[in-house]
Amino acid sequence: MNISKNKLIYIIFILLFIFILVFSNNFVIYFTGKKSPKEIDINTLTFNSNVSLAVDFYNVYNNMTEDVAINGWAFCETEDSNENKTISVLLRGDKKTYSVKTDLISRNLQDSFPDYKIYGTNHGYGTEFSTLILPNGIYEVLLYDYENESNSGIGRTGRKLIKNKDGIKEYMPQIRDDIDIELDLSNISSSIKNSVSILEFNEDEFLLRGWAFIENETCDLQNVFLGIQESGSDEIDFYDTVSFGRKDTADYFSNDLYYNCGFDTYVRKDKLVAGKKYNIYIIIEKQGNLYYGMPINYSA
Amino acid sequence: MKKSDIVISILSIILMCAFPAIFLYTRNVGEAELYEIFMPILVLLFIAAVVFIIIYLILRNVVNTTFCTLIFILIFSNFAIVEDIFKSIFNNLKYWHVLEILLFIFINLVIFIYKKRSSNKLIQANKVFCIIFGGLIIFNLILAIPNIVKKLGAESNNASIEYITQKDEETTFPNFYYILLDEYSSFSSIKKYYSYDNSQFYDFLKDLNFNVSLDSHNDSIDTITITTNILNLDYVISDGDGLLHAEKMKYRENPPMFDLMFKNGYEINNYSNLVSWDGKYGSIPDSYDSVFGDFMKMVLDNTALYPLLVAKDEMVDRQNTLILLDCLKQTYESSVTPVFTYAHLAIPHAPFVFDEEGNMTNFSELNDWKNKSCYLGQYIFTTNRIEEIVRNIVTKDPDSIIVLQSDHSARWTQDENGNEIVLNEDARSVLNAVYYRGEELDIDGLTNVNTMRCIFSRLFSLNLPEVEVNF
């Protein structure tokens, strides 16, 4: 086959164009010097301790590189040396999880938590990273704290991000018409323990805050959904939630497995009208399986 | 090649580069100055010249090169619109994807023209561009002529109102601090639209012996209209009077409020660049100049250069606001002559460059009225800083007069679907609080203008009855 020199140059030009187009997000991240999350398999991580954490600063910049900044402190209780301690931000989506290593900052927490076994001062973390390479979707922001071989765990920050055509922004839990849950009342399990409080959040919304767990199972990576059904109605509104640590609940049930059982969601006030009765279902999703708790009867 | 073809080619480039700035100028004659159009035109001409030279080295033909340059400038100067179209079709595209795709198409166009070599049709195309952009410029200029003439003919309207002051030799007037907070929502509006209870600020003002009106409304939601009337102590202009911005500005030269203070022995301390006194517009000491200016930014915002603009001017605004807040810490209790301070603070008006703590906000939310935390953060920051300022004045200069007013409440608040939700009446409700030497003053329900008339009546023993206004 005889290809002229000009045609060859043109083919190279087109291939180069396609190459740059496909990898342009990566080039931008490289040239701007931004950190970028790497895909990981969350199941390869070891979680054997509870993570105490705080997020002091959290900002989602809807700028061109769609940056997120976060800092605070996190630790697992340990008595062993943690000189190789790392804290990573995990972005856990429906299908994939991404990880960004943070920079550790010296934070002495022993004075603030005298009853905890805290080793050293490497407990502050901070990072800013670009989310350009993340596919569209909703991501839970988790912290993975690795103290040493004996102690590491997942901390749930109670925050989520949503990436879509408009960029990246903070995601507030809300009513979801798109989630595929069929309430199977024959499958209600008494091994699910839960509680929910309905609090005034603002003029338009209630905050539903509570905890839920499956007995003797870890809450580390569970997802909690709420189903709200007006008594006598067939329709159920489903809500997703954000999860966070509830040491009080774990202490009350004397079981550290329940540490990450807390959840929050927001419900519009016209969905819980005064004078009406509602059934509130708590649904726990773990590894694709759904578990239904006993409905809570609520009179608004 | 005919000489006329070359002339038309060059002319078409100049007209295309000039069009965006001239178009914007003709649409904003009242606000913009003629000299402001030259820099954006020069920027586009410079870019056109660079592109022209590069392409000419390849094509070696003026007509063909001109055609390619025109296409480049056409896309370059409307890049933001083209990018939106691409993004509406392919959701995940970013700025650099669109830039690369357009460059690819453009390079292919140059290659195509290089291969064809013929320039007969392109001469016609260049002529069409020349006629279209020349025609558009002339058309827009003709439409703008009445406003340009009106603007040029605008004369100073400083009313020579003679206020007879009952001042005797021994009367000493107190220092007077007038602070206008742009877009600071009234107590009721901030509660209604932001679910924010500002009663702590109300209690704070009452504790300092401020007189606070909870039901004050102005006649407009336009800052220039409202503040011009305040400065004139009367309703001299209105939204529907058809006056150009430049004509309204004439009412702000040596305004009666300043005149009255000056005639009563006050030294004028003017921090507002929207009001002139004695031939000089006010200014903030050691303030920074804007990098681009509003007009240049408007033109460049549509071009492929828009990412470079970032928020440079907004950062300058932020810096200048901080400087002005510091200036307002200055009190004049030891001054021999009484001092009249006039300050117009551009917060909590957008751009939202302060969060609640005063930190810089997210660059993408500088004008975000949908995310309520943006305005609210700047609102709370403003409240906190004003508390510091008035506490300081009342402590050091307790015999002074302090007027805290807003021109209007938040106007453009949006619901989650992006619909504006603020009722006009709520947008016109304002903060209106007066510290009158620690004394009581009945300003309940008064507009800003009538509040000032009430204060001056008491201060200078004048008879300034309330003026009527049509809401």
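Predicted model: local features only at pLDDT ≥ 70, side-chain atom pairs only at ≥ 80, totals over all residues.
Reader: Changing topic, what does the secondary structure of chain B come to?

Author: Chain B has 17 helices and eight strands, and its C-alpha trace spans about 90 × 45 × 40 Å along the principal axes. Of the 471 residues of chain B, 40% count as buried, and among contacts between residues at least 6 apart in sequence, 71% join residues at least 24 apart.

Reader: In what order do the strands of the open sheet run?

Author: Six strands of chain B form the open sheet, in the order β2-β8-β7-β1-β6-β3, with mixed pairing. Because β2 (211–217) and β3 (267–270) of chain B each have a single partner strand, they stand at the edges, and one side of each is left without a neighbour in the sheet. Neighbouring strands of this sheet are turned by 10° against each other on average, direction ignored.

Reader: Is the pairing of β1 with β7 in chain B parallel or antiparallel, and over how many bridges?

Author: Strand β1 (residues 176–181) and strand β7 (residues 401–406) of chain B pair in the parallel sense, over six bridges. Within that pair, B:F176 stands opposite B:I401 of β7(B).

Reader: Now the helices: how do α2 and α3 of chain B cross?

Author: The axes of helix α2 (residues 38–59) and helix α3 (residues 62–77) of chain B come within 9 Å and cross at roughly 140°. An angle over 145 degrees would count as roughly antiparallel, and α2(B) and α3(B) are therefore oblique to each other. As for handedness, α2(B) passes α3(B) in a right-handed crossing.

Reader: Which residues make that contact, and of what class are they?

Author: From α2(B) the contact includes B:L44, B:I47, B:V51, B:F52 and B:L59, while the residues from α3(B) include B:N64, B:C68, B:F72, B:I73 and B:F76. By class, the contact of α2(B) with α3(B) has twelve nonpolar residues, four polar ones and no charged ones.

How values were computed. Residues numbered from 1 in each chain as written. Chains lettered and ligands numbered in written order. Helix = DSSP H or I, 4+ residues; strand = E, 2+ residues; numbered from the N terminus. Buried ≥ 20, exposed ≤ 12 C-beta atoms within 10 Å, placed from the backbone. Contact = placed C-beta atoms within 7 Å. Pairing = 2+ DSSP bridges. Axes fitted to C-alpha atoms, helices over the stretch in contact; angles between N-to-C directions. Parallel < 35°, antiparallel > 145°, perpendicular 65-115°, else oblique. Left-handed = near helix turned anticlockwise from the far one by under 90°. Nonpolar A, V, L, I, M, F, W, Y, C, P; charged D, E, K, R; others polar.
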